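Please look through the structure below before reading on, and keep in mind that this is a predicted model.

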Amino acid sequence: MASFEPATGDGPQPPATAARAAEVRTAYEGMLQIRRLVNGPSGTAVPAPWELSRMARAVALVLEAAGIPPSAVDDQGRRTRTGYRVAPGPSGAATVEVTWLGPPGGGAAEEEQERLTACAAALEPLGWGCLLYRGPRRRRFLEVEAPR
C-alpha cells in the first residue's frame with residue numbers, strides 16, 4: 001500500500017474519488033490531532049514540529065483538505081489543470097510559495113489574486129503566516145511561513 005501524499009500541483013491530477021477524499025480527510029484530521037497532542041493549550045492554531053520540517057507537504061494538505069483544486073501536469077511536465085502549486089520558497093525550509101497556475105491560455109493569471117487570497121484564508125487560521133506578493137512578470141504568489 002502506497003503512503004498518502006497531498007497534491008502539490010506538480011504531479012498528475014489526483015483522482016476525484018471517494019477513496020481520495022477519505023484519505024485527505026483522514027490525513028487532515030490526523031494532522032489536527034497531532035497538533036492537539038503536541039501543542040497542548042495552543043491546540044490546532046500552531047503547526048506541529050513535523051509540519052515545520054515538511055512545510056510544503058503540510059501546506060498542500062491544508063489546501064487540498066479545504067477543497068481548493070491543485071494544478072496538475074502531464075508526463076511531459078505540461079500544465080493540464082488550473083489550481084494551486086506548492087513549492088519550497090527561495091529561503092529554503094523557512095518558507096513555501098503557493099502560486100496559481102494552469103494551462104497556457106487557461107485564465108489562471110486573471111484569477112490568481114482571488115484564489116491565492118482563498119488559499120491564505122484556509123492557512124491563516126491554522127497558524128501559517130501568509131503574505132501576497134507580485135513577482136516576476138507581475139504574477140502574484142503567496143509566501144507562507146511558520147509563525148514566529
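The largest nonpolar core has 30 residues, and among these Leu63 and Val98 touch the most other members. Two or more residues of this core come from each of α1 (18–39), α3 (55–65), β3 (83–89), β4 (92–101), α4 (108–123) and β6 (140–145), and the largest share, eight residues, is given by α3. In soluble globular proteins, nonpolar side chains tend to be buried together.

**Around Leu63**
- Apart from its neighbours within four places in sequence, Leu63 is in contact with Ile68, Tyr84, Val86, Val98, Cys119, Ala122 and Leu123.

**How α1 and α3 pack**
- The axes of α1 and α3 are 10 Å apart and form an angle of about 125 degrees, and the two helices are therefore oblique to each other.
- The crossing of α1 and α3 is left-handed.
- On the α1 side, Arg20, Val24, Ala27, Tyr28 and Met31 take part, and they meet Leu61, Val62, Glu64 and Ala65 in α3.
- Sorted by class, the contact of α1 with α3 contains seven nonpolar residues and two charged ones, with no polar residues.

**Ala60 in helix α3**
- Ala60 belongs to helix α3, and because its relative accessible area is 0%, Ala60 is buried.
- If residues up to four places away in sequence are not counted, Ala60 touches Pro6, Ala7, Thr8, Tyr84 and Val86.
- Ala60 and Ala72 are separated by twelve residues in sequence, and their C-alpha atoms lie 13 Å apart in space.

Notes: Residues are numbered from 1 along each chain as its sequence is written. This is a predicted model: local features need pLDDT of at least 70, side-chain atom pairs count only at pLDDT 80 or more; totals for chains, interfaces and linings use all residues. Side-chain values use heavy atoms; hydrogens and water are left out. A nonpolar core is a set of buried Ala, Val, Leu, Ile, Met, Phe, Trp, Tyr and Cys residues joined through side-chain atoms within 4.5 Å. Buried means under 20% relative accessible area, exposed over 50%, partly exposed in between (1.4 Å probe, protein chains only). Helices (H or I, at least four residues) and strands (E, at least two) are DSSP runs, numbered from the N terminus. Contact means heavy atoms within 4.5 Å. Axes are lines fitted to C-alpha atoms, for helices over the stretch in contact, and angles run from 0 to 180 degrees between N-to-C directions. Angles under 35 degrees count as roughly parallel, over 145 as roughly antiparallel, 65 to 115 as roughly perpendicular and the rest as oblique. A crossing is left-handed if the near helix is turned anticlockwise from the far one by less than a right angle, and right-handed if clockwise. Ala, Val, Leu, Ile, Met, Phe, Trp, Tyr, Cys and Pro count as nonpolar, Asp, Glu, Lys and Arg as charged, and the others, Gly among them, as polar.
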